[in-house]
Amino acid sequence: MSIMSRLKKSWTRAAAPMAVMMVLLGGCTKFDACTYMQALLDVSYRNETEDYMELTGAAQEDADAIFQNNLDATMHEFQTAELSEELEESYRSLFEKTVKQVKYTVGEAVEEEDGYTVDISVEPILLFDNTYEEFQKKAEEYAAEISNHVMEGEEMPSDEEIQDHIYQTYYEVLTEELEAGLTYGETENITVHIHKTEDGVYEIPDEDLRALDQAMISRKKL
C-alpha cells in the first residue's frame, strides 16, 4: 500500500471513536443539540475537554482518551507500515498539531420528530492537497537517484530503506507546509442528524460522522 493510500485510509478511520461518545452524552436530562455538537467536536478534534466533562460528568482521563483514541485510529495504517518508533511519533505529533487546527462552526439546531438536525460549516484544511505535487516530485527524484546508483554498480536499497526514506521525505514536506501556516478551502456545510433512541440516548449515524470527519481535512489529491 502506498503512503498516499495509507494517509487516505488513516483520516477516513478517524471518525470511528466519536460514535462511542454519543452514547455517553445521552444521559443529559435537558438536551441542547447545539451545545452537544460543540462539546463533541471540541473534545474530538481539539482536545478541549471542559464542556464535555460538564455535560457528561466524565473524568479528565476519560475525556482526554477521546482525542487520543482518534489519533490512535489515524495512526493505525502507519503502524502496519512498521516505521521506526521515532518516525511514527513524528507523524503522530504532526497529525495532532494539524487536527487541532480544523475549522468548524456549529449552526442552529432544528428539532424533528426523531431528534434534531444541526448544520456544521467546515473549512477544510488543504495540507495534503497543497503538498501532493512537491512530494511526488521528491519521490520521483529519489527513484531516479536509486536507478542511477544501481546502474553505476551500487547495491539496490532494501524495501525497508526505501520505505523509510519515502516516509521521512513526506514528513518533511508536510512539516514545512504546517510550519508555514495552514491554508483552508471553501466552506462546506454538513448536516448532522441527532437521533433519540428508544432508551432515551442521543446518537449520530456513522455516515454523518464520516462525512463530517472527511470534510475537516481535504484529501482530493490523495
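**Notebook: helices, salt bridges and a charged patch**

I began with helix α8, residues 159-180. At 1.5 Å a residue, its 22 residues should span 32 Å, and I found the end C-alpha atoms 32 Å apart, which agrees. I note here that the model is predicted.

Next I listed which residues of α8 are buried. They are I166, Y167, T169, Y170, Y171, V173, L174, T175, E177 and L178. I then stepped just past the end of α8. G181 sits there with a positive phi of about 110°.

I looked for another positive phi, in a residue other than glycine. N47 has one, near 60°. N47 belongs to the loop between α3 (33-45) and α4 (50-56). I checked its cover too: N47 counts as partly exposed because its relative accessibility is 22%, and the cut-off for buried is under 20%.

I turned to α6. Its 15 residues reach 21 Å from first C-alpha to last, close to the 21 Å expected at 1.5 Å a residue. Buried in α6 are L87, E88, S90, Y91, R92, L94, F95, T98 and V99.

R92 made me look up charge pairs. How many salt bridges does the structure hold? I found four.

One of them joins the side chains of D72 and R92, at 2.9 Å from N to O. This pair links distant parts of the chain: D72 is in helix α5 and R92 in helix α6, 20 residues apart. I compared their cover. D72 is partly exposed at 34% relative accessibility. R92 is buried at 16%.

E96 and K100 form another salt bridge, with the closest N and O atoms 3.2 Å apart. E96 is partly exposed, with a relative accessible area of 23%. K100 is also partly exposed, at 35%.

I also noted K138 and E134, whose side chains meet at 3.6 Å, N to O, in a salt bridge. Why are they about one helical turn apart? They are four residues apart in helix α7 (residues 127-151), so about one turn separates them. K138 is partly exposed at 33% relative accessibility, and E134 is partly exposed at 35%.

Last, I checked the surface for a charged patch. A negative one is formed by E82, E155, D159, E160, E161 and D164. I followed up E82. It lies in the loop between α5 (60-80) and α6 (85-99). Is E82 buried or exposed? With a relative accessible area of 69%, E82 is exposed.

Conventions: Residues numbered from 1 in each chain as written. Predicted model: local features only at pLDDT ≥ 70, side-chain atom pairs only at ≥ 80, totals over all residues. Heavy atoms only, no water. Helix = DSSP H or I, 4+ residues; strand = E, 2+ residues; numbered from the N terminus. Buried < 20%, exposed > 50% of the residue type's maximum accessible area, 1.4 Å probe, protein only. Patch = residues over 30% accessible without salt bridge, like charges linked within 9 Å, V, L, I, M, F, W, Y side chains within 5 Å. Areas by Shrake-Rupley, 256 points an atom, 1.4 Å probe, with all protein chains shown as cover. Lys, Arg positive; Asp, Glu negative; His and termini not counted. Charge placed at Lys NZ, Arg CZ, Asp CG, Glu CD. Expected span 1.5 Å × (residues − 1).
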